[in-house]
Amino acid sequence: MEPLFAIIFASLLLGERKTALQLLGCAMIIGGAARCILEGKKA
């Protein structure tokens, strides 16, 4: 989850724009975390 928060804070605090690849990475991180939660596994 750290890369996700790094991208969010860079966008909010520094005004950096996100690329399509970064957005895809965010979606994969969130999806993986959600899958672990739904299956009851530790990440």
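Helices (H or I, at least four residues) and strands (E, at least two) are DSSP runs, numbered from the N terminus. The expected span of a helix is 1.5 Å times one less than its number of residues. Helix α2 covers residues 20-39, and its 20 residues reach 28 Å from the first C-alpha to the last, close to the 28 Å expected at 1.5 Å a residue. After α2 comes glycine 40, which has a positive phi, near 75°.

This is a predicted model, in which local features need pLDDT of at least 70 and side-chain atom pairs count only at pLDDT 80 or more, while totals for chains, interfaces and linings use all residues. Residues are numbered from 1 along each chain as its sequence is written, and side-chain values use heavy atoms, with hydrogens and water left out.

**The chain as a whole**

The protein chain has two helices and zero strands. Its C-alpha trace spans about 35 × 20 × 10 Å along the principal axes. The protein chain exposes about 3800 Å², of which carbon and sulfur atoms supply 69%; accessible areas come from the Shrake-Rupley method with a 1.4 Å probe, and for residues only the protein chains shown count as cover. Of the 43 residues in the protein chain, 12% are buried. Here buried means under 20% relative accessible area, exposed over 50%, and partly exposed in between (1.4 Å probe, protein chains only).

**Helix α1**

Serine 11 sits in helix α1, which runs over residues 2-14. Serine 11 counts as buried because its relative accessible area is 19%. The side chain of serine 11 makes a polar contact with the side chain of lysine 18, at 2.9 Å. A polar contact is a pair of N or O atoms within 3.5 Å; within protein, one must be able to donate a hydrogen and the other to accept it, and residues adjacent in sequence count only if both atoms are side-chain atoms. Not counting residues up to four places away in sequence, serine 11 touches Glu16 and Lys18, where contact means heavy atoms within 4.5 Å.

Isoleucine 7 also lies in helix α1. Leaving aside neighbours within four places in sequence, isoleucine 7 is in contact with Lys18, Gln22 and Cys26.

Alanine 6 is found in helix α1 and is partly exposed, with a relative accessible area of 48%. Phenylalanine 9 lies in helix α1 and is partly exposed, with a relative accessible area of 48%. Phenylalanine 9 belongs to a nonpolar surface patch with Phe5, Ile8, Leu12, Leu13 and Leu14, and together these residues have about 680 Å² of accessible area. Patches are made of residues with over 30% relative accessible area and no salt bridge: like charges are joined within 9 Å, nonpolar side chains (Val, Leu, Ile, Met, Phe, Trp, Tyr) within 5 Å.

**Helix α2**

A salt bridge is a side-chain nitrogen of Lys or Arg within 4 Å of a carboxyl oxygen of Asp or Glu. By this rule the count is one salt bridge. Glutamate 39 forms a salt bridge with arginine 35, and their closest N and O atoms are 3.0 Å apart. Glutamate 39 and arginine 35 both lie in helix α2, four residues apart, about one turn of the helix. Glutamate 39 is partly exposed, at 42% relative accessibility, whereas arginine 35 is exposed, at 56%.

Methionine 28 is found in helix α2. Methionine 28 counts as exposed because its relative accessibility is 58%.

**C-alpha separations**

| Pair | Places apart along the chain | C-alpha distance |
|---|---|---|
| Alanine 6 and arginine 17 | eleven residues | 13 Å |
| Isoleucine 7 and leucine 21 | 14 residues | 12 Å |
| Methionine 28 and leucine 4 | 24 residues | 9.8 Å |
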